[in-house]
Structure formats: structure tokens, C-alpha cells
Amino acid sequence: MSNARNKPKRRKQGVAVQTLADEVLVYDLERHRAHCLNQAAAVVWRHCDGKTSVPQMARILQRELDAPADRELVRYAIDRLARAHLLEGPPASARYTRRDFMGRLKKLGLAASVMLPVVSSIVAPAPAHALSCVQEGQCGAAGNCTPCYVGALNQCAAKRCCNGKCKPTPAAQNECGC
Amino acid sequence: MLTGRERELLLTAARLFLGNARDDEALSGLSGLDWPSLSDVAAKEGMSGVLALQLERLARTYRLNLPLEPLSLALRGTFVANGALFAELLGLRAVLQEKRIRAILLKGGALATTAYGGQIGLRPLSDLDLLMQEADLPVVREALLERGFRTASRSGTLLTKGSVMFDLHHDLINASRIRRRTSAFHFDGEALWKEAVLLDPGDRSLLVLSPAHQFLHLAVHAQKHSFSRLIWFLDLALVSRQLDWEELLLQAQTTGTLRSVAYAAMGMERLLRVQIPAGVWVTLPSLSRLEARFMDAVVGRTAKEPSGELLVAFSIPSWIGKLGYLLEFTFPRRKVLSDVFPTGSASWFYLRRVGQILALALIYLRDALRWENPVEVPKPDSASRPAVGI
């Protein structure tokens, strides 16, 4: 087995990382893709330092999540991370399917929702959540429902972009479904 | 307006982020909250990410079931939106390197990668501001146009591509919009570039301002917007950790930004419990009644724009200068208006601006008439603490 597979290394260049209580968000700046790693995937990814082996990661995963974990579970996580281009080196060839793994977890009697490493793509939420507050002139670029202002920034809570104009929230709700 | 329990929780989250509060203060503030209103207020104050981070951590640590979905969504939204901005910046950096152009990343873009430790979901950004030499601006604009951007302003310095926006500057305080701002603030371009530091040691094309220049720039910018977003105080508090206050005050004297620093320091101390060295208060100017009222409104989160921008007049030495500034601010040149509001009418803007200022004057007059107690200029602890060298 190659070192890249046995002691994988996470990408550090060209990614932005946001660590949360139960998840890690990773933005691939080169591919313009955002990923969300659940706890199990995040633990494995954090320990992909090119030095920690798969069996060591299995022990770490078991300790950190307080649930049984084995090498296959770690390999599954590595496979998912590699497919999302979050590891250095070429992506692994497809080896595991989610269905195969769910079956295996059930056989082992593990809590699938906690232990199954998941690397999911994040779809940008509605612009109202995504952007802070823009001037009316920027409404076209920001999209409908983005908080906006005309003249004074204090209007941000009361106005939303709607068809390129900055309108009072009720009007924007009515016309643009904000 | 931030009121009651929601206001307190938002402030506690900011203080927790800075290490200036304890978990139990936040936990005691969780009951009886109006959660939808908390989410709205957090978004308005630019604090959704920080609040979500703190509440998710508390919920996990203390096994609480909190309705955090709107805040978590907002954090993820900010993460994705900012990721798109930084992805475009990565592409632009390659161009800057190739053409041997240097640019300074300003404000939120710089802070998200430095002060917030690269946790880009915490600091909402509407655009990335880049400062460069005037001669380099057309080259960078051309490069962005080649990368699919479109100009969004007549001056061609605001460029957009979908939700991604770059704002190109060759002058830190936008004196091209209000020329008399230079009577108040005078940043030495040469010093800015000389003291700027590389964002990434391996790339000489992209820099950030030195901590002192960054603090002064952020203070002036936040004042311009009447400190209307709490996140700006958090930015200032994070940058202040890297400051040599003595050097900052020297720079503030040189650049004419002492009053802006006074407002920023006062807000940081009163809102976020940031400890400002006692000697700093001795050097900072005393505030007039009007400025003290403004700061009360800022701390109460009720300050109205354009109060802060009007207060820039206090930083201009002569009365003629002050008057000239106020006139230029109230009636900007038509060229400036057509750039900022390409679709609006200048006459309508002038009328509205006069109305805004009259309304503001009436509010202050009403408050002044109700104001029975004499003003105590809020120089926190300066009276009780001995002045020490800084």
C-alpha cells in the first residue's frame, strides 16, 4: 500500500477552513467548492498529517468519538476525503460505496449517524444569509433578498434587494418572496 | 436597535470570543430570548458567525438544545460567500505575481485571514478592498475584466462577478470622494507601504497594513459609518492585541486620527470590556458634549448615520476647514454622485441629504433638551487611575 494511502496528508494550500463544534467546513479555493465534514470525517482529516497511519487514526477516532472504529472505517473516510480533493496526491479510485458501508456499520451495531464519515458539498444558502448588507447599486450582483441600504447602513434590517432595487422588507417579501 | 436580552447575549458572545467573559454569563442569558429577533440583530451587526460559533460550542459543551439553525445557516452562508471571494483573490494573486504588482488587502479581507485566524465564516464581507499604486490600478482592473468581472461603477474601480466584488483603491481614505477629508486625516502613502507586512511569506504581491495603520484605518472607517456594526469593534479589539499603544498614538497624531482612536477605544472598553492602558486616555483628546452624546448612542447601538461622518469635522483644525468639509459632505460633487449612485438623481440626493441632516439635528436637539444632568465626558477610569507612561 502506498504511503499516500497509508499515511495520507491533508491539503493545506488552496483551502480555507472553518472549524465548528461538530463539523469542519472546507472551501477548495482552486475548485470553487465548499465541503462540510462531519465529526468522524473531520477527525480523520485533522490527523492526515503524512505521519499518522491508518491503524493509529482508527484508535484516535475511537477515543475522540467514544465509539468503536476500525481501519476500514478510516479507509472509507480517506476515500471520501480524497474524492473531494482534500488530500494531497491523486484522488483514490472508487473503492467503497456508502451503501456497502452502512451495511457494515449495521452489522457491527454502530451508531451510523455518528460514525459514518460524511463529506458533503455545501450549497450556498439564500443570499439573505450569505451576504451582509449591500448598497442599492450592488443589489443586481448580490441577488434578491440580500439586506441592503440606500444612504444609511442602519436600514439593513429593514430593506432587502428585490429585482435590482433596495426595497422595504415587506415589499420585497411581497414581490420577491423574501 | 439592540435591546434587552438579545443585546446582552450578542455582547457576551463577542466578549467570549475575546476571552473577556465567562460561559456562565452567556448561559444565564439564554432564557426568554426572542430567537428570530436575535438572528436578525446578529446579521445586522455582522455578528451571526461569531454568535453561532459561541452558541454551538455552548450547546455542545453543556448539552443544550438551542434553536440555532438560522444562525448556523448564516455562518455557513458567510463561509461560502467569503470562500468565493478568496477563490477569486487566489486567481488575482497569480496575476499580481506575474505582473510584479503589489497590493494591500484592506479591512475585512485582511482581518478574516489574520485577526480571525483564517476562519472565514466568522467575518462577513461584502467585497474585498485592495489598495495599490495609482499606476497599477488600470492593469489590475484589466486583469479582473479578463477574468470575467464587470465594472459596477463609473470610475471603474468597483468590479463584480456574480456575488464576488472587488473594490480597488489608490488612496486609503477615499479622498477622491470628499476631498476635504484630507484636512482631517492624512495617511502618508510611503509609510503605509513601507510598514505593510506580507500576508503570506511566500508571496510578495499581497500585503496587509501594519497593526497600527490597520487600527487607524479601521477606526476611521467605522467612524464614517457611525460604528453601526458591532463586528467593527470586535475587529478593532482583535487588532489592538498586536498594538504597541505608544506607537499607535504617535501615528494617530501624525495622521490626524486621534479622535477616531478615542471613539474606538471608548467603544471597545464600554462594549467589549477591552482593557485600554490608562496612559492612553491621557493622550487621547477630551470629547465635546456632542461627541459624548454620539458615543452614548454608539454604545446603546442607536447611533444614526451620518453622525460619525459629520463628526469628522471635529478632527479638522480651522473653522473654515470644518465648514468646507460639512458643505462638501452635504453637497458632494456631481461627478462623485454619479459614480456612487449611477442611477440616482443628484438633486434628489441633495434634498434627501439636507433632510437627513435636519432630522439628525432635531434628534440631537430633542435629546439635548431632555438632558438634565451635566455631561460627564466618558474617559473610563482616567480619573481614578494614575496616568502612567505608555
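I started at B:L106, which stands opposite B:D129 in β2(B). Strand β1 (residues 103-106) of chain B and strand β2 (residues 128-131) of chain B run antiparallel, and three bridges join them. For my own notes, strands pair if DSSP finds at least two bridges between them. Helices (H or I, at least four residues) and strands (E, at least two) are DSSP runs, numbered from the N terminus.

This is a predicted model, where local features need pLDDT of at least 70, side-chain atom pairs count only at pLDDT 80 or more, and totals for chains, interfaces and linings use all residues. Residues are numbered from 1 along each chain as its sequence is written, while chains are lettered from A and ligands numbered from 1 in the order in which they are written.

**Sheet in chain B**

I traced the order β3-β4-β5-β2-β1-β7-β6 in chain B: an open sheet of seven strands with mixed pairing. Its edge strands are β3 (150-151) and β6 (197-200) of chain B, each pairing on one side only.

Next I looked for helices on these strands. Helix α5 (residues 69-99) of chain B lies across β1, β2, β4 (158-161), β5 (164-169) and β7 (203-208) of chain B, at about 130 degrees to β7(B). Helix α7 (residues 137-146) of chain B lies across β4 and β5 of chain B and runs at about 165 degrees to β5(B). Axes here are lines fitted to C-alpha atoms, for helices over the stretch in contact, and angles run from 0 to 180 degrees between N-to-C directions. Contact means C-beta atoms, placed from the backbone, within 7 Å.

**Helix pair in chain A**

I then checked helix α2 (residues 39-46) of chain A against helix α4 (residues 71-83) of chain A: they pack at an angle of about 85 degrees, axes 10 Å apart. That makes α2(A) roughly perpendicular to α4(A), a label for 65 to 115 degrees (under 35 is roughly parallel, over 145 roughly antiparallel, the rest oblique). A:A40, A:A41, A:V44 and A:W45 in α2(A) meet A:V74, A:A77, A:I78, A:R80 and A:L81 in α4(A).

**Confidence**

I noted ipTM 0.83 and pTM 0.83 for the model. Chain B has a mean pLDDT (the predictor's confidence in each residue, from 0 to 100) of 89, and 92% of its residues reach 70 or more. Among the elements of chain B, β1(B) has the highest mean pLDDT (98) and helix α18 (residues 334-340) the lowest (76). Residues 373-390 of chain B fall below 50. Where pLDDT is low, the predicted coordinates should not be read in detail.

Conventions:
Contact = placed C-beta atoms within 7 Å.
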